[in-house]
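User: I'd like to learn how to read a structure feature by feature. Please walk me through this one.

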Amino acid sequence: MALMSVEEALRRVAGPTEALAEEWVPVSAAAGRVLARDLIANRSQPPADMSAMDGYAVRAADIVDTPARLAVIGESAAGRPFTGAVGRGECVRIFTGAVLPAGADTVVIQENTTREGAVMTTTAPTAARRNVRKAGCDFAKGAPGLAAGHRITARGMMLAAAMDHARVPVARRPRVALLQTGDELVMPGEGSGADAEIVVSNAFGLAAIARGAGAEVIDLGVVGDDLSVIRAAIRRAVDEGADVLVSSGGASVGDHDLMAPALKAEQVDLEVHKIALRPGKPLMFGRRGALRVLGLPGNPVSSQVCGLLFLTPLLRALQGETGPAYRTLPARLGCAMPANDWRMDFMRARLAADGAGGLLATPLPVQDSSLLSVLASADALLIRPADAPAAEAGAPCEVIPFQD
Ligand code: AMP
Ligand code: MG
């Protein structure tokens, strides 16, 4: 039986969906949130013609012939404009960010002037309208600033603030419940040292992914391989108001892999179960009402790669964020690769400069999905499409660079 392709699974997990409700947050808290509506400029920037330099506001017509001597009739500083007008033969002392006085159209920089009492002399010619920032040259009142679906960066937050938005409408944070399943699991520092114990690592990587995508995390802790206990944990996710439940472990077909039966017993409709992916073939996705469930394999590399490939795009979609599911960069293979099989492969790889302005991606020698040491030392995932033919070193490829 052909398994579902990664593309199709992505469509089902993170296809277009109705975004979570909007909420208004102070602009200071907006970084990392996704805009729920377009933000337009509430005012123009700069609000008036303003000086870009320290110097003198003049009429260009008065300095056509240099040296030119002009009478200084006042001062315009940032926040303290000159209220009069500049007439023929006159100028106003002006500073960066000050409103250009009426009548003036040009600023002569201080370095090109001399001053004696109330007389300014400029010897160097200055082109008309130099050193003036025109009203609205950054943005005009009513102009589109940031579009709905934009994840607000530090820079976007600055723009929103400058456009005079004290609060901004964003999608509420998705609530992500994390569940670790496995009889062998213990939390770091809490084990007895027995050989059969495995220390939980997946929870930390998945929590970081969820928070990085703007979510709040609900920690459901660790449960054993027990159907009724797993079922109770699924109900807890619903009770806690989770939008997404992410489970780790028990996703495969062994006698102790109970996630699929538990989800079915709790009326979670599995739309995806097993995909043509390496690592992460047993991945599950289903819904119960508004709750989405992502059932990830327990192998740490699989859980983290599936988190990047599916949880991040799902959380983006829930917040109405526009853009591709994941961002790839073009690179070239650092070594020859054998033909790939029917599973799309996301290989742990190192990145290096190729000496010609591009990237060279070299897969790490061991790709087993249990190897956290390899994952932690990788820079990127190197994508090998399903059924890709053998490729020579230097052949083009795509990578997903790790962002953290
Ligand atoms: P499973 O998917 O339950 O068959 O687990 C596959 C492998 O991943 C086993 O070796 C587990 O011990 C390991 N594993 C499962 N869950 C976690 C976890 N939360 N953190 C670290 N390793 C895990
Ligand atoms: Mg298990």
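Analyst: Let's start with the labels: helices (H or I, at least four residues) and strands (E, at least two) are DSSP runs, numbered from the N terminus. Keep in mind that this is a predicted model.

User: What is the phi of Asp387, and is the residue buried or exposed?

Analyst: Its phi is positive, about 60 degrees, although Asp387 is not a glycine. Over 50% relative accessible area counts as exposed, so Asp387 at 55% is exposed. Asn131 also has a positive phi, of about 65 degrees, and is not a glycine either. It belongs to the loop between β9 and β10 (132-133). The cut-off for buried is under 20%, so Asn131, with 16%, is buried.

User: Which peptide bonds are cis?

Analyst: One of them joins Thr66 and Pro67, with omega about -5 degrees. Pro67 is found in the loop between β4 (55-58) and β5 (68-76). Another runs from Arg278 to Pro279, where omega is near -5 degrees. Here the proline falls in the loop between β19 (277-278) and β20 (284-288).

User: On to sheets. In what order do the six strands of the open sheet come?

Analyst: The general idea is that strands of a sheet pair through backbone hydrogen bonds, either parallel or antiparallel. In this case the order is β7-β4-β6-β5-β9-β8, and the pairing is mixed. β7 (106-109) and β8 (113-116) are at the edges with a single partner strand each, so one side of each has no neighbour in the sheet. From one strand to the next, the twist averages 40 degrees. For a detail, look at β8 and β9 (residues 119-122): they run antiparallel and are joined by four bridges. One pairing to find there is Thr114 with its bridge partner Thr121 in β9.

User: How is the chain divided into domains?

Analyst: The domain assignment gives domain 1 (6-20 + 172-318), domain 2 (22-45 + 138-171), domain 3 (50-133) and domain 4 (329-401). Taken over C-alpha atoms, the centres of domain 3 and domain 4 are 61 Å apart.

User: Now pockets. How much space lies in the largest pocket, and where does it lie?

Analyst: Rolling a probe the size of a water molecule over the atoms shows where empty space is left. The largest pocket holds about 840 Å³. It has 29 lining residues, and Ile209, Leu308, Thr312, Gln403 and Asp404 are the closest to its centre. Domain 1 and domain 4 both contribute to the lining, which is why this pocket lies between them. Helix α6 gives the most, with seven residues. By class, the lining counts 16 nonpolar, eight polar and five charged residues.

User: What is the volume of the second largest pocket, and which classes line it?

Analyst: That one comes to about 300 Å³. Its lining has five nonpolar, eleven polar and three charged residues. There are 19 lining residues, with Glu184, Leu185, Asn202, Gly298 and Asn299 nearest the centre.

User: One last stop: is Leu315 buried or exposed?

Analyst: Leu315 is part of helix α6. Its relative accessible area is 0%, so it counts as buried.

Technical notes
Residues numbered from 1 in each chain as written. Chains lettered and ligands numbered in written order. Predicted model: local features only at pLDDT ≥ 70, side-chain atom pairs only at ≥ 80, totals over all residues. Heavy atoms only, no water. Pairing = 2+ DSSP bridges. Axes fitted to C-alpha atoms, helices over the stretch in contact; angles between N-to-C directions. 1 Å grid on protein atoms, 1.4 Å probe; cavity = no way out; pocket = protein on both sides within 12 Å on 5 of 7 lines; lining within 4 Å. Points joined across faces, edges and corners; volume = space filled by probe spheres on them. Nonpolar A, V, L, I, M, F, W, Y, C, P; charged D, E, K, R; others polar. Domains from an automatic or database assignment. Buried < 20%, exposed > 50% of the residue type's maximum accessible area, 1.4 Å probe, protein only.
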